[in-house]
Amino acid sequence: MKICIYGAGAIGGYLGVKLAQAGADVSLVARGAHLAAMQANGLKLLIGDETQVARPRCTDNPAELGPQDVVIICLKAHSITGVIAQMRPLLGPHTRIVTAVNGIPYWYFYKHGNQYEGSLLESIDPGGRQWRELGPERAIGCIVYPATEIEAPGVIRHVYGDRFPLGEPSGEKSADVERLSALFVAAGLQAPVLDRIRDEIWLKLWGNVCLNPISALTHATLDVICSDPATRALSKAIMLETQAIAETFGVKFRVDVERRIEGARKVGAHKTSMLQDLERGRPMEIDPLVTVVREMGLLTQIPTPAIDAVLALVSQRAKIAGLYDGGPARPAEEKVPIFA
């Protein structure tokens, strides 16, 4: 199976090593010092005291690679629209696209059913370009649970986790998704095929929508946010608003709010990805984790006062740091354009 990992950072690099070891024909798209190190020395994966090395093809020019069976997108979600043109040479008539990104993916309302079928979300897919040019029919959903980091150029450190649930937007267990799951399992990863992939997307997003912006505003770790009565209460308020929106779309949560918050508290003194981005001067994932939930609240006409307040604050914080160029927070009564 020919697989291109587009965005071979911490998660993409981890997947690259594991899938190459399982026998896949893997290529990686990366840039800068990380790319140069991988080209010179291979890609190193540190798991505990063990060092694993793979030498997949690495490039910053996807046109060199040609059409793939699968393209796994491991970019920050807000970066995808800007590289659509570079992705096109990778897409043959039967290429599948795996969205291994945080938040709501561009294909969310493809084969969704009911009155929302075919709706586009401007906050994550401006102008509907991903929907039109990548195509929702190519998509396979994927939720990323492992934590990894780039320890040095060309060196990935695995922190914890190995679970990558997969699923077709339609819920069917297609030959494509079954084959991909089998490859992930052969690589030593957990990749259950879910018939309700959107439920799992929301379960992860449920924590991200509150804990990420609160951590960026307070610089607190998960254990502190979830233990302090005030920030725990704010997290719960945001999560209840989010749950009401998701359930309007037919989503079922397999745990309750308190259990989800308690699970985050038990992770310990962990900095969220949004806080890490702020500290390292990297663009912050506000739109795919927070703005999109607010937009979906507007779509369903469900008020989101807690989300609105935190979004306004974290957006301003990120703009002052030069790490976010999103538009100003819109009044709650203003409608966000939805393209169908």
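Me: How do you know that the length of helix α8 agrees with its number of residues?

Reply: This is a predicted model. Helix α8 covers residues 229-248, which is 20 residues. At 1.5 Å a residue, α8 should span 28 Å. The end C-alpha atoms of α8 are 29 Å apart, so the two values agree.

Me: What makes D228 a cap of α8?

Reply: A side-chain oxygen of D228 lies 3.0 Å from the backbone nitrogen of A230. The cut-off for a polar contact is 3.5 Å, so this pair counts. D228 caps the N-terminal end of α8.

Me: What follows α8?

Reply: G250 follows α8, and its phi is positive, near 90°.

Me: Which residues of α8 are called buried, and why?

Reply: Buried means under 20% relative accessible area. In α8 the buried residues include T231, R232, S235, I238 and M239. E241, T242, Q243, I245 and A246 are buried too.

Me: What do the buried residues of α8 pack against?

Reply: They pack against α6 (197-218), α7 (222-227), α9 (257-267), α11 (286-300) and α12 (305-320).

Me: Why are β5 and β11 called edge strands?

Reply: Seven strands form an open sheet in the order β5-β2-β1-β6-β7-β8-β11, with mixed pairing. β5 (57-59) and β11 (166-167) each pair on one side only.

Me: How do you know that β6 and β7 pair?

Reply: Two strands pair if there are at least two bridges between them. Five bridges join β6 (residues 68-73) to β7 (residues 91-99), so they pair. The two strands run parallel. In β7, L91 is the bridge partner of Q68.

Notes. Residues numbered from 1 in each chain as written. Predicted model: local features only at pLDDT ≥ 70, side-chain atom pairs only at ≥ 80, totals over all residues. Heavy atoms only, no water. Helix = DSSP H or I, 4+ residues; strand = E, 2+ residues; numbered from the N terminus. Expected span 1.5 Å × (residues − 1). Buried < 20%, exposed > 50% of the residue type's maximum accessible area, 1.4 Å probe, protein only. Contact = heavy atoms within 4.5 Å. Polar contact = N/O pair within 3.5 Å; in protein donor to acceptor, adjacent residues only side chain to side chain.
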